[in-house]
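Subject: Structure handover

Hello,

Here is the structure I said I would pass on. My notes on what was found in it follow below.

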Amino acid sequence: MGVFIHVQVVESRMALHQRRELVSLCPVDIFQLAGEKLTVQAEQEDECTLCELCLDAAPAGGVTIRKTYKDETLVSRGGGG
């Protein structure tokens with residue numbers, strides 16, 4: 001888990017094509033797909049640039065980013081289809 005950022009995914013809210021999209025969108029390779037299982041690479045979490053591409057692409061509540069240094073949580077908005 002990252003020290004400053006913690007990223008969480010709820011796979012059950014995402015179709016396979018959405019999981020693949022998250023992997024390809026992330027500029028710092030936080031997401032990884034093993035078969036159909038989407039995981040977060042804990043060692044990459046603090047590399048998050050807060051670009052919010054994943055939040056725009058994922059279904060509502062599919063991805064959360066917690067800023068531990070601010071006690072703030074960002075939640076995906078449901079833009080992915």
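Val 3, Phe 4 and Tyr 69 make up a nonpolar patch on the surface, and together they have about 340 Å² of accessible area. A patch here is built from residues with over 30% relative accessible area and no salt bridge, with like charges joined within 9 Å and nonpolar side chains (Val, Leu, Ile, Met, Phe, Trp, Tyr) within 5 Å. A salt bridge is a side-chain nitrogen of Lys or Arg within 4 Å of a carboxyl oxygen of Asp or Glu. Areas come from the Shrake-Rupley method with a 1.4 Å probe, and for residues only the protein chains shown count as cover.

This is a predicted model, in which local features need pLDDT of at least 70 and side-chain atom pairs count only at pLDDT 80 or more, while totals for chains, interfaces and linings use all residues. Residues are numbered from 1 along each chain as its sequence is written, and side-chain values use heavy atoms, leaving out hydrogens and water.

Phe 4 sits in the segment before β1 (5-9); helices (H or I, at least four residues) and strands (E, at least two) are DSSP runs numbered from the N terminus. Phe 4 has 48% relative accessibility and therefore counts as partly exposed, given that buried means under 20% relative accessible area, exposed over 50%, and partly exposed in between (1.4 Å probe, protein chains only).

Leu 38, in strand β3 (residues 37-40), is buried, with a relative accessible area of 2%. Its bridge partner is Leu 33. Strand β2 (residues 31-34) and β3 pair in the antiparallel sense over four bridges; pairing requires at least two DSSP bridges between two strands. The two strands form a hairpin with two residues between them, and Gly 35 in the turn has a positive phi of about 70 degrees.

The largest nonpolar core has 18 residues, and Val 7, Leu 22, Ile 30, Phe 31, Cys 54, Val 63 and Ile 65 have the most contacts inside it. β1, α2 (53-57) and β4 (63-67) each supply at least two residues of this core. Such a core is a set of buried Ala, Val, Leu, Ile, Met, Phe, Trp, Tyr and Cys residues joined through side-chain atoms within 4.5 Å.

Two residues other than glycine have a positive phi. Glu 52, with phi near 70 degrees, lies in the loop between β3 and α2 and is partly exposed at 26% relative accessibility. Asp 71, with phi near 50 degrees, lies in the loop between β4 and β5 (72-75) and counts as exposed at 66%.

Regards
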